[in-house]
Amino acid sequence: MIQDIFPYHFDNHYTPQPPEVDSFILWYDSGQVLLKQERDTITFPRFSDLTQKGTPQWIYLFSIGAERFYWLNQRECPAKAPFRMQSIYALRRLTPQHYAYAGLVGYQLHNWYNHHRICGRCGTALEPDTKERMMHCPHCNAMIYPQICPAVIIGLTHGDKILLSKYNGRNYKDYALLAGFAEIGETIEDTVRREVWEEVGLHVKNIHYYKSQPWPHSSSLLFGFFAELDGDDETIQLEEEELSMAVWMRRNELPMEADHVSLTNEMILYFKEQKINKESNS
C-alpha cells in the first residue's frame, strides 16, 4: 500500500527546527501540489528554489529518512519552472513512492492547518505550538490537535462471491468495497454492520479484521474487515445517494489488478487469490 515505503522511515515526531537550504517545501493550492515531474518521477522544491525575498512562513511537517519536509503558509507560489501544480490524486501513480506519500500526508496537514486558523471558542487567531503538533489559543488557552477519522472498508463475501460497488457523484469511477465512517458511540464492528445495512440492505456475520491503512485524502484511519453475508438472500437494496451500483462478483470475474496504493485493492486481490479461504481452513 502507498504508506509502505521501506527501506525509508516516515517520522512524524514534531521537531520544528529551522529548515536548511536542501529541506523540502510542500505547497498546495485548490487540491493541487507543487512539484517537478519527469515522466512518472517527481520531486518537490527545496528552500534553495525559493523565488521570493524575505523569510517564508514555514511549519515543520515530518521527515522521511534524513529529508525534512515543511509547509509554507503563504498564498503566492514559492517556486517557478520547472515546478508546476499537479493534482493531489496524481500522487497515487507517481514515483518514488516515499515522495508520493509525503505529498499526500502533507496535504492532510495542510488542510488541518488551514481549517484551524481561528479559535472556535473565543475567535482569537491560533498559533502553532513550539513543542508538539498542536494549535494554541493565546487568549483562552484552547488546544487543538489533529483529528483522525476512523472508517471501515468491508469485503462482504458469499461463498466464492464478493460485493463490489461504485460511488455516486465522485471522480473515482472504479470498483470499490463498501465503506463508511464510524459514528459517535459505536464500535468499529458496529460500523461494519450499519454501513452494510444502510448501503445495500444486507445483514452480516463472522466479521473479522484484516488490516489498517492511514488515508490522507479524507484524514482517515481505515480498518479493513471481511464479513460474510448473513442468510441466503443476496437481494441488494441500493442506497442511491451514496452508490451508483453494487454487484456480486465471482473470483474469476474480478477485474482488479495489483497496485501499490489502496487497502481496497489489496483486499479484493486477497479474496481473488483465495487467501481468505486458505487462512480460514488452516
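In what sense do strand 9 and strand 10 pair, and over how many bridges? Hi everyone, let me start there. Strand 9 and strand 10, the latter covering residues 135–136, run antiparallel to each other and are joined over two bridges. Across that pairing, Pro-128 sits opposite Met-135 of strand 10. Before I go on, please keep in mind that this is a predicted model.

Those two strands belong to an open sheet of three, with the order 9-10-11 and antiparallel pairing. At its edges are strand 9 (127–128) and strand 11 (143–144), each of which pairs on one side only.

Now let's step back to the whole protein. The protein has four helices and 17 strands, and 44% of its 282 residues are buried. Its C-alpha atoms fill a box of roughly 70 × 50 × 35 Å along the principal axes. If we take the contacts with a separation of 6 or more, 65% of them join residues 24 or more positions apart.

On to the interior. In soluble globular proteins, nonpolar side chains tend to be buried together. Here, the largest nonpolar core has 87 residues, and Phe-44, Phe-62, Phe-69 and Tyr-113 have the most contacts inside it. Helix 1 (residues 97–115) gives this core its largest share, ten residues.

Let me stay with Tyr-113 for a moment. Beyond its neighbours within four places in sequence, Tyr-113 touches a list of residues including Tyr-14, Ile-59, Trp-71 and Arg-133. Met-135 is another of its contacts, and that takes us back to Met-135 as the residue opposite Pro-128.

Finally, a few backbone details to look at on the screen. There is a cis peptide bond from Phe-6 to Pro-7, with omega near 15 degrees, and Pro-7 lies in the segment before strand 1 (10–11). Another cis bond goes from Thr-95 to Pro-96, with omega near -5 degrees; Pro-96 is in the loop between strand 8 (84–87) and helix 1.

We also have non-glycine residues with positive phi. Ser-30, at about 55 degrees, is in the loop between strand 3 (28–29) and strand 4 (32–38), and Ser-30 is exposed, with a relative accessible area of 69%. Asn-206, at about 50 degrees, is within strand 15 (residues 204–215) and is partly exposed, at 46% relative accessible area.

Conventions
Residues are numbered from 1 along each chain as its sequence is written. This is a predicted model: local features need pLDDT of at least 70, side-chain atom pairs count only at pLDDT 80 or more; totals for chains, interfaces and linings use all residues. Side-chain values use heavy atoms; hydrogens and water are left out. A nonpolar core is a set of buried Ala, Val, Leu, Ile, Met, Phe, Trp, Tyr and Cys residues joined through side-chain atoms within 4.5 Å. Buried means under 20% relative accessible area, exposed over 50%, partly exposed in between (1.4 Å probe, protein chains only). Contact means heavy atoms within 4.5 Å. Two strands pair if DSSP finds at least two bridges between them.
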